[in-house]
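Visitor: I should like to go through this structure by question and answer. Please show it first.

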Amino acid sequence: MATLRERLLAKIKSLNETVWEGRATEPAVRDWLEGFDPVVPGGDDERLHALYLLSNFVYFGSREVRALLEAMYRDLYKYPIVESIRKANDNTTDAAVIASLFRPELTRTRFLGVGNPAESGCHLLYYFRQENALPRNLFLHTHQVFDRHGGMSPVTLRWPEVTRYVFIDDFCGSGRQGVAYSRDIVDDLKRLKADLFVAYYVLVATSDGIRVVRDQTAFDSAQCLYELDTSFRCFSDESRFFGNGQEGIEKAAAERTCRKHGRRLWPEHPLGYDDCQLLMGFHHNTPDNTLPIIWYDDPDGPPWAPIFRRYPKVYGGL
Amino acid sequence: MATNSQGNPFNITKAVDFSDEEISNYWVDIPTGGGFLEMAKPTSPMPMLILGGKGSGKTHLMRRLSYPVRRLDRPDRPLDVVAADGFLGIYMRCGGLNSARFSGKGQTDEAWAEVFAYYMELWFSQLVLAVVRDVFTGNDELARAEAGICASVSAVVDGPEGVQTADTLRALCDSLGALQQEVDASVNNCAITQQMDVRIRTNRGALIFGVPRILVERLSCLSGCLFVYLVDEFENLTERQQKYVNTLIREKVSPCSFKIGARLYGVRTYSTYSADEDNKEGSEFEVLWLDERLRKQRRNHYRPFARRLVVRRLQEYGYLPTTSVPAKALDASLSDWFQQPSTTDLPASERAAIVKKYARSERPYFAALRAKLLEGMRARAAPGISAEGDVDRAVGNLRVHDRPLLEKTNVFLLYKDWYRHRPLPEASLAIARACHEFVSADVRTGRYWDNFSHFKGDLLAQLYRECDQKQRYLGIDAFVDMSGSLPRNFLVVLKHVFAWAMFGGERPFGDVPVSHRAQRQGVAEATEWFFRDARTVGIGGRQAQESIGRLGALFRAIRFSDKPSECSCIGFSFDSAEASDAARDHIRIAEQWSLLIRVGTQRDRNTERVDVKYQLNPMLCPRWDLPIYRRGILALTPGELNAIFDPAFAEGFQGLLEARIARMTAPFFGRRRRPAKRGDTPLFSDDAHD
Amino acid sequence: MIDYTVLYKRVLPVNDNWPEEVRWKVFISAYTEAARVQRVFEKVSADSRHWLVLPEYGFRGDELPPGNAFVAETRHEGECIARFWETLGTLGPTGSICIDITGFVRPYLIFLIRWLMEQGITVFDAIYSEPVRYAKRELTQFSGERIAEVRQVAGFEGVHGTDTSNDVLIIGSGYDHQLIAHAAQSKDNARKLQIFGFPSLRADMYQENVLRAQQAEEAVGWRTGDQANSFFASAYDPFMTAHVLRGIVSAQNSRKPVTNLYLCPLSTKPMVLGFALYYVTERLNGPTSIVFPFSSSYARETSKGLSRIWLYRVELPRT
């Protein structure tokens, strides 16, 4: 008996009460929908399609992000080490033995964030450390990796005893950042010490992005907790958001709506950076690979009330 | 000031989580005699079956009878409490037995019956002994008699050493517990080994009845005391297991009695192992229908209780100050906090809105009337209407510019007159006069007043629908009344209303009343929960639910027809002899799941015919845009009853519905159309309804 | 006490061949129409491969798979597994066994774990294959509408006491909110705690899961997602699940001793495996039971595709 609009709103209310941390109250949704055009005869119902897209948005709140960081440490970093310890020691399950062999490995590991200290990768390091109760000295900035001796003699490793460097980030969309880091840091690391283990771990990655990092960089391991295949790309042929026979909702209309407004908001990437067309966000930020209509928020740009805002990387540019 | 972070004060809705104070207030209000205790007749040796729907407080009632709670009256001298009460309530939950495991695993049903009976002996006796030990805190009569009691008890148990040598109740209890664990181990391992070797060490009833008897004989402080086994969650036992408990009830021995607590659907059988005889109500046991009793007795008390409950919750969650404002004032504000509808008419603002909306077009009910009059005119089925001018005048007479509800009443009366073949031009004039008189002289008698007062709820509902608005279920009293005396339902409604208000960015219980929208959405969600939650386990449940769907659709069609035959109709009656077995079954299931409420039985003095009356649970009514108050009762034909409640006949439902509604629909009112000759009088007689 | 999180788990390739050493003496799988279950069955290297055909899926004679297919005649998990086991022949002291848990109806899987332990098996492998997606996302229906009863799973019945003042029910909450509600209602007076599969199998599944679970909120009694009463365990990791359970129970006991503990795993099969593992390792012969809302039928195919194959090496305590 309820209309589609009412059902979508009820779904958003449920999400708001459970996992969206209250970010999408009705007034906030209303303000956001104002950015879309009202219905004209023969035209798309932009607001209905926007509501539909919003109801499919995947959001990881504070608690969830912390749980992901814990899983990242435990499953991506720690477990492979524990596995090899066990295998090298007759498959022992003796906790004391395993711990005594794991500890030195951990002390010879350093964790770094991707991006500069103000970006989310480094922000996450703090919670990563907290959730996994790790000592502070295991965490570095990228500039602390090398000793440049004031430019006088060849660059060396500041911490020569370190055997593992682990770079962590929240999101890998195009893989570009991973490639940049590989070029800027990993190549040098490997040159200075060939048997170093250098890893790139992200919470969420697109299939394309993680493949780029795996194929085109010097990282020994590139892993993610969640891999987004093309079905997460909103308007792809395999899109998981359409094709469910939902009456009144048309993929083409949704795409038109997003492109139209996206073009105003971010002409170079109207459907998200690198045309990723994602519907995903985190407590601390929304990736720019997500549709701009969701997150765009620039006081100097076209007026727009986002629903899951993104804190811009560049304020006015410097 | 209310903020999101304070949380929803109505999140916790289950009685099991109410504070003792809330519960004692709830129960204290019952007006008859000694209140709740009286209702359950704890000192009566006659066993009682306490049947309650979800949220009826059945468990709470039973727990209030149990010793640990009775004892709170005088924790230092529990014996005084028992002496004053005259009974000792031994409470247990059948769910705790996890008794489904006493079946299958390669063993026979007979073997399981033995094991289960033995297990119950051990379980009950441990409970009794633990309670009695506590009763005698601070009294040494037990200490002196203990060894003798243990000896008497162990005499009816075959070994083992632990039981035989116990000389304190505690040791005895522990030994019986050890025996119980032995049974558990054996029963559980049977799943793996397919073998069971339980040694049955006592006869049926030897401990359940024997232990209390021994205690009463040997402890003078307990003489005359009734041991009441409070067996809750009866629905968790299988049919055979229930049969066993029924046997205990039938063969009970003084000083024991039973109170069995079950959901409405919870009793699977009344049969016993005593020659397979059934226990009969009135002879082996009596029944307390908790929901019904609450509905009847608490009508005057429930509303104030519910309102106080809200106030207390709001205080607890920081939305209201706890002391400075007097309770009465807080209670009064409750009405203010929810935008309340007027019950007599549309508020002025809404009237103005309708006037404005249809400023340039005809109001929808007039447009519909006009179309029907024209159609009737063409078919010569509109008495006195032979030209378009007649239509214009007939419609025009009924207008009352700024009072749409009166216009609706006028139209309704015209349909009624039309049904009775009254010449319509004259009828419409008469209606206009009566309307005018009603307005100017505030007349409270006569046809106009009768119809207006009876049908205004339905007419308002029609008006909302015709003007593309949602139905209204507004105000705290509406929520209270929807809940049918069950606090849980009431809290669920409030919980959802509050959640929608918060989602909408409102600040409930502040300066601005909770919006209509939030109330409406909250009610809709609560209704949906109630309907969905009642989807039962097992056969028949789904079908019962579907039947209710058909019933709701019928009531809705009636409410929104041109000439509803009943006002505020959410009840129906039928001749029970004419219902098919399946229909009767589904009605019974619907009642057990509280989808339907029985409102009466009428025995016809002359014909032996028994008419049974039911109504929809008011919690469900918003689902079909129905009122929550019952007035009219729809007498269903056997065909209709079976089409609604028996899936085998469901195919015919739509046709029957249409036939019934046709009789309420202009211009033909279900009469067959035939070319009419001038001067003809209709051949077909009217129905009895009007 | 064993640290569950060190137990071996790995991902096997979907398309490429599996390593040579990945082979077993006996391979068991529960038959369903899900393509991923059938693909794995074909891919596996084993001396003998066996299908277990469960009655809840309602397969007719002409729908059965070729090869060793045991058709269960009884619906009781204990009897069914016991009879099935007889058809496998002797495992021998070095015989390795692998079970594809993907297609199992949960109670059968749970009982099988206890059964394996009773046979003296201390190590076995389990496979779980992940779909790409479920058929209708959050509207996916799993169990048939006819839920017959909530009862203990055979082999997981505890020795319970008469004191029920602090009973706890831990539900591994899946998509089927009706099952959650039934389980919760069957233990009305117990405090309900929920474990959600997170990280979930796919990025959007956790959110869908919570949306569905919210419909059982009234029965559970807490606001869904209430931090004090809901927990996370990886949806793909039985060992993490067992580990989390241990932590929850320990925390509950230290606040106030739990009088009777009930566990109800309604979520992913790896989590179900984790519940069973935790039980047989730490909670046998005490006041703990695994309870389950048994359905008389289950939908056969609710997923599409095959995206990942997990292999777990489960270590059981010695009897």
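Visitor: At roughly what angle do the axes of helix α19 (residues 424-441) and helix α20 (residues 446-466) of chain B cross?
Guide: This is a predicted model, and its angles are computed from the coordinates. In chain B, the axes of α19 and α20 come within 9 Å. The crossing angle is roughly 75°.

Visitor: How are α19(B) and α20(B) oriented to each other?
Guide: The axes of α19(B) and α20(B) cross at roughly 75°. Angles of 65 to 115 degrees form one class. The two helices α19(B) and α20(B) are therefore roughly perpendicular.

Visitor: Which residues of α20(B) meet α19(B), and what is the class make-up of that contact?
Guide: From α19(B) come B:Ala434, B:Cys435 and B:Phe438, and their counterparts in α20(B) are B:Arg447, B:Tyr448 and B:Trp449. By class, the contact of α19(B) with α20(B) has one charged residue, no polar residues and five nonpolar residues.

Visitor: In what order do the four strands of the open sheet in chain B lie, and which are its edge strands?
Guide: The pairing in this open sheet is mixed, and the order of its strands is β7-β8-β6-β9 (chain B). From one strand to the next, the twist averages 25°. Pairing on one side only marks the edge strands of chain B, β7 (596-603) and β9 (633-635).

Visitor: In which sense does β7(B) pair with strand β8 (residues 610-616) of chain B, and which residue is the bridge partner of B:Leu596?
Guide: Strands of a sheet pair through backbone hydrogen bonds, either parallel or antiparallel. For β7(B) and β8(B), seven bridges run in the antiparallel sense. The partner of B:Leu596 in β8(B) is B:Leu616.

Visitor: Which element gives the largest share of the side of chain B that touches chain C?
Guide: The contact takes 28 residues from chain B and 27 residues from chain C. On the side of chain B, the elements that give two or more residues are α6 (109-135), α9 (169-193) and α23 (516-533). By class, this side of chain B has 10 nonpolar, 10 polar and eight charged residues. The largest share, six residues, comes from α9(B).

Visitor: Which element of chain C has the lowest mean pLDDT?
Guide: Chain C averages a pLDDT of 90, and 93% of the residues score at least 70. Among the elements of chain C, helix α8 (residues 269-282) has the highest mean, 98. Where pLDDT is low, the predicted coordinates should not be read in detail. The lowest mean, 69, belongs to strand β7 (residues 133-134) of chain C.

Definitions and conventions: Residues numbered from 1 in each chain as written. Chains lettered and ligands numbered in written order. Predicted model: local features only at pLDDT ≥ 70, side-chain atom pairs only at ≥ 80, totals over all residues. pLDDT = per-residue confidence, 0-100. Contact = placed C-beta atoms within 7 Å. Nonpolar A, V, L, I, M, F, W, Y, C, P; charged D, E, K, R; others polar. Axes fitted to C-alpha atoms, helices over the stretch in contact; angles between N-to-C directions. Parallel < 35°, antiparallel > 145°, perpendicular 65-115°, else oblique. Pairing = 2+ DSSP bridges.
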